[in-house]
Amino acid sequence: MVNFWVRRSEGIEREELLRLIDQDIAGLVKEKRVATKNFVVYVVDRDKVVDVVKKLLEYEYTRLSVIAGNDERFFRRDFSLTYIIAFDKQDLYIGIRTYVPPHDLKVKSLAKEVRAAWWHERENRDLYGFEFEGLDDPRKLVLPEYWPENVHPWRKDYPYNKPVADWREGQVDYKPIKEDKIDADVVAFGPYHLVNDEPIHWRLYVKGEVIVDVEHRGFHNWRGIEKIAEGRLTYNQIPFIAERICGICGYTHACAYCQAVESIGRIDIPDRAKYIRTVMLEIERIESHLLWIGIACHILGFDTGFMHSWKIREHIMHLAEVLTGNRKTYGMNLVGGVRRDILGDRLRKAFDYLRFMRAEYRELYNMLISNTIIAKRTRDVGILPRDKAISYGVVGPVARAAGLRIDVRKDHPYAAYKELDFRVPVYSESDVLARTLVRLDEVFESFDIIEQALDRLPRGPILADVGEIPPNSEGVGYVEAPRGEDVHYVRTGLYNKVQRWRVRAPSYANVPSVKEMLIGYRIADAPIIYASVDPCLACTERCIVVKAVDNGRTYSWNQLVELSRKISRRMGL
Amino acid sequence: MVIPMQILTTIGYTFAYAVTGLLIAPLLDGFRRVVKARIQRRLGPSILQTFYDIRKLIKLGALAVSDNSLVIGVPYMVFSLSILVTTLIPIPYLPGLNQYFGAISLVYTLMLITALTCLAGLMIPNPYSNAGSIRELLIVSSFELFTAFTIAELSTKLRTLNLYGLATSLLSPVRYLKPSTIILAISLYLLAYIEGGWTPFDIPEAETEVMGGPLLEYGGKLYALMYWSNLMKKYALVGLCITLTIMPPIVSAYSSRLPLVAVPALSYVTYIVFTIIMFSLFSAIEALNPRYRIDQIPRAFLALSVIPLTGLVLGWCGW
């Protein structure tokens, strides 16, 4: 039994809290390491790890953010599991680490009591072979059913490019675990459904139209890109692959990764780069929220809202193109800052765009909030009770709609957020309407943030001198993505490469909670409830497919310059 | 054997009604798309796009998930019944089959279309198809009270239920300048909008929820027939409203001043023009509304039933 959030932590300084934690877990800890200024790692025995994590989660505003497994056999002949807990009011991340010998990978499961651990434990079981005692879900999470039980692809002795085609011969179909136990009809919502842009399977057990139970199977697109990066790509190559994790919030991934490495290398990036990152992150938030608003309207049968929203979204993507040269996947970030500056003449254009978009968005906002049918369809639908929201460790608008006042921009300030004035919208109803209102309000805040950041854009360099990144060090990078906290755990290796990179996108924290939101509601509500967490499966599954197509055409430098000029002329620059 | 002139005229007009229904229904859908597109600030497709869609679907051949003869036969039956419904619209001075059918027969024909669609939907082994069919049945049963009150209102007001009789009896101006007549008109438009399955009442087919419901597993020609039938049903209901509300005062205004030969043609043109206008208006309403959820419908319909009931009471009182 975990007593979530029973101990007050708000108002307590970081050092004081660390002292309290030291007292709480004294006797259980074997070692304490201060990895970065706000990432502290405690090493504990594996039979104590669950108790320690539960103890820490008793503090207010804490979340189990990531459980990062690692194959450390080449360093110390063990596997490790690091339970990373966020302390939101102290700008602190605490890692509880345990080492597990390869011949006995048993660890006590936490998933029954802390639902945030559910997917993490299953993933670590699939990829490293950990055995979580008491984990009540025997199904694979990320690997396909046909994958052999004793092969774990994230172990370091498993080649990243090993073909899996041979194993497909013994194809095993997905077996739902509840179908025989429930007296209800089955409605398959996905993997391919009209409202799912990405494949996910929700097995809805229904009586009439009412959903009585739910099963999930996803990760159809899981490719394990972290494995591709580990030991192969250099620190400054990874931001580009990180940005390609998601077609909507890719910049947040690149930013979170860079911040993790910058924290390890104690790199203070230039102020101008901080502001440029802030501007781009907020552009991405507006773009993502407008995309979501459009989809939500479409799901409710309100295509006029969908079209208006996406029309404004086109303008924000145009603004991104003006500032970076790309509508999406800006390719701006490097460890130590950004690659491209924002030029003066484009700043003026950006202000014009923002004024115009704000007026257009105000019109859309008024249209949506004055529509009674939208309110009727979303109020008291898909409620996620506060205690469950805490247990699942939900983040972003889903958490803020449940009354949890957490936002990485305020709680763990990064980029230029500390210097900017903005509000964090919070609602307490925890239904689809509250999640919608949080996003609708956030768009206005993002307009404000961009305007402030562009207005105060400091002069100076945009890229810091990056010295040597210390090997065998670790850090956490975090960004408030449009869907919530995006965390990248990085452990450095030799030769300017990462030894371990773990991406935990916000949807990875939010999607498991959809099960709780669906039960008791109707088939008609299922699409909008699922959509209300703004699921991004590309992020969740860290999917990236690089299709190298040789079309036999090579552009010369002059041709590329001419093409760029053509685009600039089209955009009136 | 000499065929009486009246029968020839009836056959001729009925044929004209059927051809009009078949052709104008996809055309009106084209208007619907363009109106919605303009409200959504986009260009939208050509007005003829629905014809192109139907042609493309027909070329694909008959595709259905089941080889059950009822499942395959229903699109043909529904299509035939929909053509029949379009021939029952009582345009003044154009007496066709509508002379021999009453409002109740029309309601039953419409219900038969719904029943056949639902029956096929329930026989198809697909939960979305089944859910859509059950939704359709729930809507029809919830809407019965409204329909019954509207028909009672019609019969009280006009002392007849013969379709052509209804249209012609309204040609007297004294009849439509009363509160009960205005309420009757409102009831009829609501009936046409809801029964026609316009958003927010397109719940049985709700694409994003049940992916087309009973129509989900039809493809190619069979889907084209169901789709076309749905358009004809929408058109017929709007047409019925036009003939019983807008047409009488307009036709009565010009019929006495024109030669009798010209009146049917003008009546037909007036009818087409107003049908397009009304269809466009319905499209605009549709574009501005999201979809209701199925459980919100019975309560909403119960509340709406007060409208024809008020009209009925006022009609009884002679207002």
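Student: What makes up the lining of the largest cavity, by class of residue?

Tutor: The lining divides into 10 nonpolar, six polar and six charged residues. Keep in mind that this is a predicted model.

Student: Why is that space called a cavity rather than a pocket?

Tutor: A 1.4 Å probe fits inside a cavity but cannot get out, whereas a pocket is open. By this rule there are four cavities of 30 Å³ or more. The largest cavity has a volume of about 330 Å³.

Student: Which residues lie closest to the centre of the largest cavity?

Tutor: They are B:Glu136, B:Glu195, B:Glu205, B:Asn230 and B:Lys233, out of 22 lining residues. Helices H4 (103-123), H5 (127-158), H8 (179-195) and H10 of chain B each give two or more residues to this lining. The largest share, five residues, comes from H10(B).

Student: What lines the largest pocket?

Tutor: 35 residues line the largest pocket. Nearest its centre are A:Asp303, B:Arg32, B:Lys36, B:Asp202 and B:Glu207. Chain A contributes two or more residues from helix H9 (303-324). H10(B) gives the largest share here, five residues. The pocket's volume is about 1000 Å³.

Student: How many residues of that pocket lining count as charged?

Tutor: The count is 12 charged, beside 13 nonpolar and 10 polar. Asp, Glu, Lys and Arg count as charged, so A:Asp303, B:Arg32, B:Lys36, B:Asp202 and B:Glu207 belong to that class.

Student: Is A:Ile12 buried or exposed, and how do you know?

Tutor: Its relative accessible area is 17%. Buried means under 20%, so A:Ile12 is buried.

Student: Where is A:Ile12, and what does A:Ile12 touch?

Tutor: A:Ile12 sits in the segment before helix H1 (14-24) of chain A. Leaving aside residues up to four places away in sequence, A:Ile12 touches A:Leu17, A:Leu20 and A:Gln90. Contact means heavy atoms within 4.5 Å.

Student: How far is A:Ile12 from A:Ile67?

Tutor: The two are 55 residues apart in sequence and 26 Å apart in space, C-alpha to C-alpha.

Student: Where in chain B is confidence lowest, and where is it highest?

Tutor: Helix H7 (residues 173-176) of chain B is lowest, at a mean of 57. Helix H2 (residues 49-59) of chain B is highest, at 96. For chain B the mean pLDDT is 90, and 97% of its residues reach 70 or more.

Student: Why does a low pLDDT matter to a reader?

Tutor: Where pLDDT is low, the predicted coordinates should not be read in detail.

Definitions and conventions. Residues numbered from 1 in each chain as written. Chains lettered and ligands numbered in written order. Predicted model: local features only at pLDDT ≥ 70, side-chain atom pairs only at ≥ 80, totals over all residues. Heavy atoms only, no water. 1 Å grid on protein atoms, 1.4 Å probe; cavity = no way out; pocket = protein on both sides within 12 Å on 5 of 7 lines; lining within 4 Å. Points joined across faces, edges and corners; volume = space filled by probe spheres on them. Helix = DSSP H or I, 4+ residues; strand = E, 2+ residues; numbered from the N terminus. Buried < 20%, exposed > 50% of the residue type's maximum accessible area, 1.4 Å probe, protein only. pLDDT = per-residue confidence, 0-100.
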